[in-house]
Amino acid sequence: VAKGEMMRSLDGLIRVIGIALIPMGVVMFLKQYVSLELPLRDSVEATVAALIGMIPEGLYLLTSVALAVSMVRLAQRKVLAQDMNCIETLARVDVLCVDKTGTITEARMEAGEPLLLTPDAWPQDRVYTVLHSIYAGTEPDNDTARAMVQRFGKQNGTPWPRQSVVPFNSAYKWSAATFAEGSFVVGAPEFVAGARYAELAAQVEPLLEKGSRVLLLARCDAEPDPKGGLDADKLEFVALLPVANRIRPEAPETFRYFEDQGVHVKVISGDTPVTVSEVARQAGIAHAEDYIDASTLKTPEELEEAILKYTVFGRVTPDQKRQFVQALKKNGKTVAMTGDGVNDVLALKDADCSVAMASGSDAAAQAAQLVLLDNDFSKMPSVVLEGRRVV
């Protein structure tokens, strides 16, 4: 387990004192034995007694007890500390990386009314039938899927029999289901539509500017292949599906506290940059208008330059999250990372202090040093204050 700054400082202090005790012990022995002419036994005993008193072994006990007491105090506030040193580390953090969903916003998402793109070919009742067939009886694996299942998977009607399913993956950002009526893809518009995204931009952008996440429902004849990618030219655009989550009421006050403490907040999300930027602005995060699409960052040099320049990052892959953390640490920053999904685990492990929500995945909770048991991000200032009390 990595040691905290206090323990490392104590180690250094003990090392210096240990080396200094050697010549000091020789001088004290000579004083007792030569100058005072005490017997050898008495000289050794007097020297050893004096040297033992100079070893600050009580500092280790004092520090450990202070950290242990803080762990108990945090547990009373529904914050589980899985590593004692993280309490002190969080008090020294100067960059806080947060995800949008579950941190700035509430984890629960709500699906809105579908926006029909071809109402003549795909009227509302038929779109609802398609969505019901895609989501009925499925086990959601992320917050967006839960919202879609809640809205469309539980409605009345008989779903079409599924022939095959392509599960969602954050690498290609879409999922698909195949029926006798054809294959239907649901995913991020710019990833599904590809080069044809310009056809949808006028309808998608206003939804993004309101802070909503937008999914595209499209139909194709062939069964989609995740390895081969989607052929946008063969897709028939059916509907846009807005999904949104509410800003946590306590988020603005929490981020204001970190700003006052000189902690820079970086919002790192897999959503569209415009959406993340608007949500960050509503949450009161400073410089939320400085955003960039992480999918445009191709080299480590571009990524390192961007993480120091921008505040909001959209379309971030799991591996990029880890690279962002590493780039910040490389530039001498003490980094805290919050996350709640499996795709956050790599970044959580690399951060100086990692924080997870208990409502997230078990993998994230196991990898994190701090777990917010009641999923309340507003507890973070009290954790920082507890760390400073220990210091």
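1. Start in the sheet. V267 stands opposite V312 in β12. Strands β10 and β12 run parallel and are joined by 2 bridges. Two strands pair here if DSSP finds at least two bridges between them. Helices (H or I, at least four residues) and strands (E, at least two) are DSSP runs, numbered from the N terminus.

2. A word on the source. This is a predicted model, in which local features need pLDDT of at least 70 and side-chain atom pairs count only at pLDDT 80 or more, while totals for chains, interfaces and linings use all residues. Residues are numbered from 1 along each chain as its sequence is written, and side-chain values use heavy atoms, with hydrogens and water left out.

3. Strand β10 has another partner to note. Strand β2 (residues 95–98) pairs with β10 in the parallel sense, over 4 bridges. C97 has K266 as its bridge partner in β10. Is β10 enclosed or open? Of its 5 residues, 4 are buried, so β10 is largely enclosed by the rest of the structure. Buried means under 20% relative accessible area, exposed means over 50%, and partly exposed lies in between (1.4 Å probe, protein chains only).

4. Helix α11 deserves a look next. In α11, 8 of the 10 residues are buried, so the helix is largely enclosed by the rest of the structure. The buried residues are P273, V274, T275, V276, S277, E278, V279 and A280. What do they pack against? Their neighbours are α5 (100–104), α9 (198–209), β8, β10 (264–268), β11 and β12. Contact means heavy atoms within 4.5 Å. Just after α11, G284 takes a positive phi of about 80 degrees.

5. R213 links to this region. R213 is found in strand β8 (residues 213–220). Its relative accessibility is 17%, so R213 counts as buried. The side chains of R213 and D271 are joined by a polar contact of 2.7 Å. A polar contact is a pair of N or O atoms within 3.5 Å; within protein, one must be able to donate a hydrogen and the other to accept it, and residues adjacent in sequence count only if both atoms are side-chain atoms. Leaving out residues up to four places away in sequence, R213 touches K100, T101, M109, T144, L241, P242, V243, D271 and T275.

6. Now the hairpin. Strand β5 (residues 164–169) and strand β6 (residues 174–179) run antiparallel, joined by 4 bridges. V166 stands opposite A176 in β6. The hairpin has 4 residues between the strands, and K173 takes a positive phi near 60 degrees there.

7. Aromatic rings come next. The whole structure holds 10 aromatic pairs. Which kind of pair do F179 and F184 form? Their ring centres are 6.1 Å apart and their planes meet at 55 degrees, so the pair is tilted. The rule covers rings of Phe, Tyr and Trp (its six-membered ring): they pair if their centres lie within 6.5 Å, and planes under 30 degrees apart count as stacked, over 60 as edge-to-face and the rest as tilted. F179 is buried, at 2% relative accessibility. F184 is buried too, with a relative accessible area of 1%.

8. A second tilted pair is F255 with F377, at 5.6 Å centre to centre and 40 degrees between the planes. F255 lies in helix α10 (residues 251–260) and F377 in the loop between β15 (370–372) and α16 (380–390), so the pair ties together parts that are 122 residues apart in sequence. Both F255 and F377 are buried.

9. Rings also gather in a group. W122, W160, F179 and F184 are linked into a cluster by ring pairs. R126 lies over the face of W122, at 4.0 Å from the ring centre. Elsewhere, the charged end of R196 sits over the ring of F237, 4.2 Å from its centre. A charge sits over a ring if NZ of Lys or CZ of Arg is within 6 Å of the ring centre and within 35 degrees of the ring normal.

10. Last, two loop residues to check. H287 is not a glycine, yet has a positive phi of about 60 degrees. H287 is in the loop between α11 (273–282) and β11 (291–293). Is H287 buried or exposed? At 51% relative accessibility, H287 counts as exposed. R315, also a residue other than glycine, has a positive phi near 55 degrees. R315 is found in the loop between β12 (312–314) and α13 (318–330). R315 is buried, with a relative accessible area of 6%.
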